[in-house]
Amino acid sequence: MKPRKLILFLLFAFMLVGCNKIKETDEVATTSGMEQIPHVSVTDYKNKIINFKPDKIVVFSSALVSILDYLEVNISGTGNLSKTSEVSLEYNMLIPEVGSPVDPDFDKIANIEPDIVISGSMFANHEEKLTSMNIPMWMIQTQSYNDVLNYTREFGRVFNKEDKAEEFIKNSEEKLMQIREQIAGKKAPTVLILMALDDGIVLAGDTTFVGSVCNLLGCRNLLNDISANYEIPSMAAFYEEDLVKGLNPDIILEIHDGSTLDATKKVYADLDMKNNDVWKDMNAVKNQRIYELGKRSFAANPGVYMMNSIERLAKKIFELD
């Protein structure tokens, strides 16, 4: 082979090898980039900063599960939510269950090896246990309308689902505007919100889901008057007759939050409002404006189904068609 041809051959061969090496390097970099999920930082409701990789997540809240489902975020494990939430049974059956917020199964959680456990405040008692397992926990306020919009936007940022998150927020704000237009000019009633447990009744305040919705709709929750007089927390107070004496709500909302509907119905029946001297002269009782609200939609924030609950409550309170 002549020297000139030999030089051209070697140069061409070198270029082929070089191109192959560049291609292999690019493929490795691309593959490596797909495998490496960057860590993110969030701040929980106690202003604690948590750093984690948003990959394998376990969620203990029906509201949070429903929003993550809407955002199409994969969930590796969840609490047994199907019986107590609006989240579809079919959806929950696809995800391993790891106990309840009250009684989590830490062995099952450990088997999943999650990067983060996301929960509402009910899970706070288990933070120390998760810390001992080297599993970070992100606790989120889940009660009010604004809470849902806030954590939806944060989920969008963390899980790279900003467009879906802003879509949900926009739809929610537009729906609330439509509801407010329907009730514009109507007198907002005063309300007293009762939440029945298996063995008693709690008066619910503005920081509960129903209380926050009543506030959005312009209603005045009479627990605020009680709170001012008795120095009790604004979220809720255990029922005592002395607390409601002298109150005259236009509407009474009865929420069922016990283990069974029969149990909570008995709790309300025992009040015997029509014959009880404390209750019988209230406008809500005399005008038969006592409304029962179901556990799934009103005992806690229903997440992605929140606007359905708000619209239903507005129709009851303002007697819309």
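This is a walk through the fold, from the whole chain down to single residues.

The structure is a predicted model, in which local features need pLDDT of at least 70, side-chain atom pairs count only at pLDDT 80 or more, and totals for chains, interfaces and linings use all residues. Residues are numbered from 1 along each chain as its sequence is written, and side-chain values use heavy atoms, with hydrogens and water left out.

Let us start with the whole protein. It contains 14 helices and twelve strands; helices (H or I, at least four residues) and strands (E, at least two) are DSSP runs, numbered from the N terminus. Of its 321 residues, 45% count as buried, where buried means under 20% relative accessible area, exposed means over 50%, and partly exposed lies in between, with a 1.4 Å probe and protein chains only. The accessible surface comes to about 17,800 Å², and carbon and sulfur atoms own 51% of that area; areas come from the Shrake-Rupley method with a 1.4 Å probe, and for residues only the protein chains shown count as cover. Among contacts with a separation of 6 or more, 62% are between residues 24 or more positions apart, a contact being heavy atoms within 4.5 Å.

The largest nonpolar core has 59 residues, and Trp-138, Phe-155 and Val-210 have the most contacts inside it. Such a core is a set of buried Ala, Val, Leu, Ile, Met, Phe, Trp, Tyr and Cys residues joined through side-chain atoms within 4.5 Å. A second, separate core of 23 residues includes Ile-226, Tyr-268, Trp-279 and Ala-284.

The structure holds seven aromatic pairs. Rings of Phe, Tyr and Trp (its six-membered ring) pair if their centres lie within 6.5 Å; planes under 30 degrees apart count as stacked, over 60 as edge-to-face and the rest as tilted. Phe-52 and Trp-138 form a tilted pair, with 5.9 Å between centres and 45 degrees between planes. This pair links distant parts of the chain, 86 residues apart: Phe-52 belongs to strand 2 (residues 49–52) and Trp-138 to strand 6 (residues 137–139).

The charged end of Lys-164 sits over the ring of Tyr-70, 4.6 Å from its centre, and that of Lys-129 sits over Phe-106 at 5.7 Å. The criterion is NZ of Lys or CZ of Arg within 6 Å of the ring centre and within 35 degrees of the ring normal.

Four of them form an open sheet in the order 4-3-5-6, with parallel pairing; two strands pair if DSSP finds at least two bridges between them. Strand 4 (77–78) and strand 6 each have a single partner strand, so one side of each is left without a neighbour in the sheet. Strand 3 (residues 57–60) joins strand 4 through two bridges, and Val-58 has Gly-77 as its bridge partner.

Strand 7 (residues 190–197) is largely enclosed by the rest of the structure, because seven of its eight residues are buried. It pairs in the parallel sense with strand 11 (residues 251–256) over six bridges, with Val-191 opposite Ile-251. Two bridges join strand 7 to strand 9 (residues 220–221), also parallel, and here Thr-190 stands opposite Arg-220. With strand 8 (residues 200–204), strand 7 runs antiparallel over four bridges, and a hairpin of two residues connects them.

Helix 6 holds Tyr-145, which is buried, with a relative accessible area of 5%. Among the residues that Tyr-145 touches, not counting those up to four places away, are Glu-173, Leu-176, Leu-216, Asn-301 and Met-306. Its C-alpha atom is 9.9 Å from that of Pro-302, 157 residues apart along the chain.

Finally, look at the backbone of two asparagines. Asn-47, in the loop between strand 1 (40–43) and strand 2, has a positive phi of about 65 degrees and is exposed at 65% relative accessibility. Asn-160, in the loop between helix 6 (145–158) and helix 7 (162–183), has a positive phi near 60 degrees and is exposed at 61%.
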